[in-house]
Amino acid sequence: QLQLVESGGGLVQPGGSLTLSCAASGGSLDRYALAWFRQVPGKEREAIACINNHDGSKYKIESVKDRFAISRDNAKKTMYLQMDDLKPEDAAVYYCGARRSRVVFCLTERDYLHWGQGIQVAVSS
(Lines give C-alpha, C1' and ligand atoms only; values in the text may rest on other atoms or scores of the structure.)
Protein backbone atom coordinates (compact mmCIF):
# COMPACT_ATOMS: atom_id res chain seq x y z
CA GLN A 1 0.00 0.00 0.00
CA LEU A 2 2.93 2.35 0.61
CA GLN A 3 4.35 3.95 -2.53
CA LEU A 4 7.56 5.95 -2.71
CA VAL A 5 8.61 8.41 -5.39
CA GLU A 6 12.01 10.07 -5.67
CA SER A 7 12.56 13.53 -7.10
CA GLY A 8 15.27 16.16 -7.30
CA GLY A 9 17.90 14.33 -9.31
CA GLY A 10 19.69 15.62 -12.35
CA LEU A 11 23.06 16.72 -13.65
CA VAL A 12 25.42 18.70 -11.48
CA GLN A 13 29.05 19.73 -11.77
CA PRO A 14 31.65 18.30 -9.42
CA GLY A 15 31.51 20.20 -6.16
CA GLY A 16 27.87 21.07 -6.67
CA SER A 17 24.82 20.20 -4.62
CA LEU A 18 21.51 18.44 -5.04
CA THR A 19 18.63 17.70 -2.72
CA LEU A 20 16.71 14.50 -3.28
CA SER A 21 13.22 13.98 -1.96
CA CYS A 22 11.31 10.78 -1.38
CA ALA A 23 7.58 11.32 -1.12
CA ALA A 24 5.28 8.65 0.28
CA SER A 25 1.67 7.97 -0.52
CA GLY A 26 -0.80 5.30 0.47
CA GLY A 27 0.22 5.43 4.12
CA SER A 28 2.15 7.33 6.73
CA LEU A 29 5.88 7.08 7.33
CA ASP A 30 5.72 6.95 11.11
CA ARG A 31 6.06 3.18 11.26
CA TYR A 32 9.12 2.96 9.03
CA ALA A 33 12.83 3.23 9.05
CA LEU A 34 13.97 4.87 5.83
CA ALA A 35 17.11 4.69 3.73
CA TRP A 36 18.77 6.04 0.64
CA PHE A 37 20.52 3.58 -1.64
CA ARG A 38 22.43 4.05 -4.86
CA GLN A 39 23.34 1.69 -7.66
CA VAL A 40 25.65 1.79 -10.64
CA PRO A 41 25.74 -0.76 -13.47
CA GLY A 42 27.39 -4.01 -12.51
CA LYS A 43 27.27 -3.40 -8.78
CA GLU A 44 24.86 -4.15 -5.99
CA ARG A 45 22.51 -1.56 -4.62
CA GLU A 46 24.45 0.18 -1.87
CA ALA A 47 22.98 1.76 1.23
CA ILE A 48 24.47 5.20 1.83
CA ALA A 49 22.32 6.70 4.58
CA CYS A 50 19.40 5.69 6.76
CA ILE A 51 17.24 7.12 9.49
CA ASN A 52 15.08 5.51 12.15
CA ASN A 53 11.65 6.68 13.16
CA HIS A 54 11.59 5.88 16.86
CA ASP A 55 14.50 8.10 17.86
CA GLY A 56 15.66 9.77 14.66
CA SER A 57 19.05 8.10 14.77
CA LYS A 58 21.01 8.27 11.53
CA TYR A 59 23.75 6.29 9.87
CA LYS A 60 25.92 7.10 6.86
CA ILE A 61 28.69 5.35 5.03
CA GLU A 62 32.16 6.81 5.36
CA SER A 63 32.42 8.09 1.80
CA VAL A 64 29.45 10.44 2.21
CA LYS A 65 29.29 11.15 5.93
CA ASP A 66 30.85 14.62 5.68
CA ARG A 67 29.01 15.60 2.52
CA PHE A 68 25.48 14.15 2.66
CA ALA A 69 22.71 14.64 5.19
CA ILE A 70 19.60 12.54 5.60
CA SER A 71 16.42 13.85 7.18
CA ARG A 72 12.73 13.08 7.34
CA ASP A 73 9.49 14.94 7.87
CA ASN A 74 6.75 12.50 8.74
CA ALA A 75 4.08 15.21 8.64
CA LYS A 76 5.01 15.88 5.01
CA LYS A 77 5.47 12.16 4.36
CA THR A 78 8.85 12.92 2.85
CA MET A 79 12.47 11.91 3.32
CA TYR A 80 15.35 14.02 2.07
CA LEU A 81 18.96 13.61 1.09
CA GLN A 82 21.02 16.78 0.95
CA MET A 83 24.11 16.15 -1.13
CA ASP A 84 26.96 18.64 -1.10
CA ASP A 85 30.39 18.61 -2.72
CA LEU A 86 29.29 16.00 -5.20
CA LYS A 87 31.98 13.90 -6.83
CA PRO A 88 31.96 11.91 -10.07
CA GLU A 89 31.88 8.70 -8.06
CA ASP A 90 28.55 9.78 -6.57
CA ALA A 91 26.87 9.40 -9.96
CA ALA A 92 24.29 6.63 -9.74
CA VAL A 93 20.61 5.87 -9.65
CA TYR A 94 19.40 6.78 -6.19
CA TYR A 95 16.58 4.89 -4.51
CA CYS A 96 14.63 5.42 -1.34
CA GLY A 97 13.54 2.44 0.68
CA ALA A 98 11.41 1.75 3.74
CA ARG A 99 11.25 -1.06 6.26
CA ARG A 100 9.15 -1.69 9.33
CA SER A 101 11.99 -2.59 11.68
CA ARG A 102 14.62 -0.22 12.99
CA VAL A 103 18.08 -0.13 11.49
CA VAL A 104 21.53 -0.36 12.99
CA PHE A 105 23.73 0.68 10.13
CA CYS A 106 21.67 0.62 6.96
CA LEU A 107 21.64 -3.08 6.13
CA THR A 108 21.11 -4.25 2.56
CA GLU A 109 18.63 -4.12 -0.28
CA ARG A 110 17.04 -7.37 0.85
CA ASP A 111 16.07 -5.83 4.18
CA TYR A 112 13.71 -3.23 2.69
CA LEU A 113 10.18 -3.95 1.57
CA HIS A 114 9.16 -0.72 -0.16
CA TRP A 115 11.11 1.05 -2.89
CA GLY A 116 10.83 4.02 -5.16
CA GLN A 117 11.52 3.79 -8.87
CA GLY A 118 14.91 5.44 -8.56
CA ILE A 119 16.23 8.73 -9.86
CA GLN A 120 19.39 9.55 -11.79
CA VAL A 121 22.14 11.67 -10.34
CA ALA A 122 24.90 12.59 -12.78
CA VAL A 123 28.07 14.43 -11.80
CA SER A 124 30.04 15.82 -14.70
CA SER A 125 31.73 18.98 -15.86
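Where is the place of R45?

1. R45 lies in the loop between β4 (33-39) and β5 (46-51); helices (H or I, at least four residues) and strands (E, at least two) are DSSP runs, numbered from the N terminus. This is a predicted model, in which local features need pLDDT of at least 70, side-chain atom pairs count only at pLDDT 80 or more, and totals for chains, interfaces and linings use all residues. Residues are numbered from 1 along each chain as its sequence is written, and side-chain values use heavy atoms, with hydrogens and water left out.

2. R45 counts as buried because its relative accessibility is 14% (buried means under 20% relative accessible area, exposed over 50%, partly exposed in between, with a 1.4 Å probe and protein chains only). Leaving aside neighbours within four places in sequence, R45 is in contact (heavy atoms within 4.5 Å) with F37, R38, Q39, Y95, E109 and W115.

3. R100 sits in the loop between β9 (92-99) and β10 (114-115). Not counting residues up to four places away in sequence, R100 touches R31 and Y32. Between the C-alpha atoms of R100 and D111, which are 11 residues apart along the chain, the separation is 9.6 Å.

4. An open sheet is formed by four strands in the order β1-β3-β8-β7, with antiparallel pairing; two strands pair if DSSP finds at least two bridges between them. β1 (3-7) and β7 (68-73) stand at the edges with a single partner strand each, so one side of each is left without a neighbour in the sheet.

5. Five bridges join β1 and β3 (residues 18-25) in the antiparallel sense. The bridge partner of L4 in β3 is A24.
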